[in-house]
Amino acid sequence: MCTLEQRGRVFVLTLTGDGEHRLGHPLIASIRSALASVAATASTQSGPGAALVTVAEGRFFSNGLDIGWAGTSRAKLGELVSALRPVAADLLALPMPTVAAGTGHASAGGLLLALCHDYRVMRADRGVLYMSEVDIGLPLPPYFMAVLRAKISSAQALRDVVLRGSRLRAPQAKEMGVVDVVCPGAPETAAEALRLAEELAARKWDGAVYASIRISMFPDACRSVGIVEESDEEKARNFASKL
């Protein structure tokens, strides 16, 4: 399903194989296990400073939920929607910078997975970002919409992504602010994501502080995936403890 390796202070989570990396129960469980391992390892390593890169093998970053498994059953589809929600929470609360390497297509839940990272790097020669729900006649789950609103700040860009079902190639996605860096092909995309992650890890930020700031940046999205934000009193105590 996926592999996890550590390169210095950078963790690399790879969705393995040449398939579509459909987000079914096995892959979701594998990703959650890897993210838990990342958080646990980072908490015990000597000194602050870490980052995560998520990359995929093959033509797809992820083609969304495993609708083949769900078939026509809305109950099964609802199961997958619910199962993916904690993955979004894991990423949004991860105590380190995160980078998605878009080496292939990212559709629907796959696009959500990429958006839950802090940075996105995308290849220019192949691949699209596509929120397909309007085209296939499915409503967007509330937490999908909350993450989309948080990560796509332009109202026009958000409209085109969710109401027009626009398939964004890398240059357009960068112009709309959906991705941060465009690279020529897959090898360059993976290398740039790793370089960026190494640069961020080298800043040696306090992971708990980093996660707290991220949660404060995107409170609606974080609440939608079940992350409980600290109260003002807790924030004040934590702030005082860092002085």
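1. Basis. Because the model is predicted, local features need pLDDT of at least 70 and side-chain atom pairs count only at pLDDT 80 or more, while totals for chains, interfaces and linings use all residues. Residues are numbered from 1 along each chain as its sequence is written, and side-chain values use heavy atoms, with hydrogens and water left out.

2. Strand 3 and its neighbours. Helices (H or I, at least four residues) and strands (E, at least two) are DSSP runs, numbered from the N terminus, and two strands pair if DSSP finds at least two bridges between them. Strand 2 (residues 10–15) runs parallel to strand 3 and is joined to it by six bridges, with Leu15 having Ala56 as its bridge partner in strand 3. The chain passes from strand 2 through helix 1 (residues 25–44) to strand 3 in a right-handed β-α-β crossover (right-handed if, with the strands pointing away from the viewer, the path from the first strand over the helix to the second runs clockwise). Strand 3 is also joined to strand 5 (residues 98–102), again in parallel, by three bridges, and Thr54 stands opposite Ala100 of strand 5.

3. Burial of strand 3. Six of the six residues in strand 3 (residues 51–56) are buried, where buried means under 20% relative accessible area, exposed over 50% and partly exposed in between, with a 1.4 Å probe and protein chains only. Both faces are covered, with Ala51, Val53 and Val55 on one side and Leu52, Thr54 and Ala56 on the other.

4. An open sheet has the strand order 4-6-8 with parallel pairing. Strand 4 (60–62) and strand 8 (129–130) are at the edges and have a single partner strand each, so one side of each lacks a neighbour in the sheet. Two bridges pair strand 4 with strand 6 (residues 105–107) in the parallel sense, and Ser62 stands opposite Ala106 in strand 6.

5. The 19 residues of helix 3 (residues 74–92) should span 27 Å at 1.5 Å a residue, which agrees with the 27 Å between its end C-alpha atoms; the expected span is 1.5 Å times one less than the number of residues. Its buried residues include Leu77, Leu80, Leu84 and Leu91. A nonpolar core is a set of buried Ala, Val, Leu, Ile, Met, Phe, Trp, Tyr and Cys residues joined through side-chain atoms within 4.5 Å; the largest has 63 residues, and Ile31, Leu52, Leu84, Leu129, Leu148 and Val161 have the most contacts inside it. Helix 3 provides the largest share of this core, ten residues. A second, separate core of 15 residues includes Val10, Val55, Val99 and Val121.

6. Leu140. This residue lies in the loop between helix 5 (133–136) and helix 6 (142–151) and is partly exposed, at 24% relative accessible area. Leaving aside neighbours within four places in sequence, Leu140 is in contact (heavy atoms within 4.5 Å) with Met131, Glu133, Met145, Leu148 and Val162. The C-alpha atoms of Leu140 and Val162 are 8.6 Å apart, although 22 residues separate them along the chain.

7. Cysteines. The structure holds zero disulfides, a disulfide being a pair of cysteine sulfur atoms within 2.5 Å. For Cys116, the closest cysteine sulfur is that of Cys222 at 9.0 Å, which is too far for a bond. Cys116 counts as buried at 1% relative accessibility, and Cys183 counts as buried at 7%.
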